[in-house]
Amino acid sequence: MKKIETIIRPDCFQALRQALSEAGINGLTVFEAAGCGKQKGKSGMFRGNAFEIQLLPKIKVEMVVDDHQADSIIELIIAHCRTGEIGDGKIFVSSIEEVIRIRTGEKGNTAI
């Protein structure tokens, strides 16, 4: 099993959620986040005063999938979240040793 964590632009989330649902991925966790990388925030003017936002709003999506699904899910994320601009986000993939459903005690792939 693989855990896929992705940090994306908020405006890409609805399209990604729909695509994941169509691919049969319904179990996911979503967090509102703020961060910066190469994008380094942005500057602006408000009522004549300059300001700088150093952390930009992002969405973090986490899901655990079968090993054989991981590559297609990663391609799906890239297809729906890539704009070609700095700040598109990141995808992190890690191995999951065990999954246990608390309610039933099921383990492994049946608990996903």
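Trainee: Among the contacts in this protein between residues at least 6 apart in sequence, how many join residues at least 24 apart?

Mentor: The share is 69%, where a contact means heavy atoms within 4.5 Å. Keep in mind that this is a predicted model, in which local features need pLDDT of at least 70 and side-chain atom pairs count only at pLDDT 80 or more, while totals for chains, interfaces and linings use all residues. Residues are numbered from 1 along each chain as its sequence is written, and side-chain values use heavy atoms, with hydrogens and water left out.

Trainee: In what order do the strands of the open sheet come?

Mentor: Four strands form it in the order 2-5-1-6, with antiparallel pairing, two strands being paired if DSSP finds at least two bridges between them. The edges are strand 2 (29-35) and strand 6, each of which pairs on one side only, and the twist from one strand to the next averages 20 degrees.

Trainee: How many bridges join strand 2 to strand 5?

Mentor: Seven, with the two strands running antiparallel; in this pairing V30 stands opposite V61 and A33 stands opposite K58. Strand 1 is likewise joined to strand 5 by seven bridges, again antiparallel, and there E5 faces E62.

Trainee: Is strand 5 enclosed or open, then?

Mentor: Seven of its 10 residues are buried, so strand 5 is largely enclosed by the rest of the structure. Buried means under 20% relative accessible area and exposed over 50%, with partly exposed in between, using a 1.4 Å probe and protein chains only. Over the protein as a whole, 29% of the 112 residues count as buried.

Trainee: Switching to the helices, which residues of helix 1 are buried?

Mentor: F13, L16, A19 and L20 are, and they cover an arc of only 130 degrees around the axis, which puts them on the same side of helix 1; the arc is taken from the directions between the helix axis and the C-beta atoms. These buried residues pack against strand 1, strand 2, strand 5 and helix 2, whereas the face turned away from them carries the exposed Q14 and E22. Just after helix 1, G24 takes a positive phi of about 90 degrees.

Trainee: And which residues of helix 2 are buried?

Mentor: A70, I73, I74, L76, I77 and C81 are, and seen down the axis of helix 2 they fall within an arc of 165 degrees, so they line one face of the helix. Their cover includes strand 1 (2-8), helix 1 (13-22), strand 5 (56-65) and strand 6 (89-95), while H68, D71, E75 and A79 are exposed on the face turned away from the buried side.

Trainee: How does helix 2 run relative to strand 1?

Mentor: Helix 2 lies across strand 1, strand 5 and strand 6, and runs at about 5 degrees to strand 1. Axes here are lines fitted to C-alpha atoms, for helices over the stretch in contact, and angles run from 0 to 180 degrees between N-to-C directions.

Trainee: How far apart are the end C-alpha atoms of helix 2?

Mentor: They are 22 Å apart, which agrees with the 21 Å that the 15 residues of helix 2 (residues 67-81) should span at 1.5 Å a residue, the expected span being 1.5 Å times one less than the number of residues.
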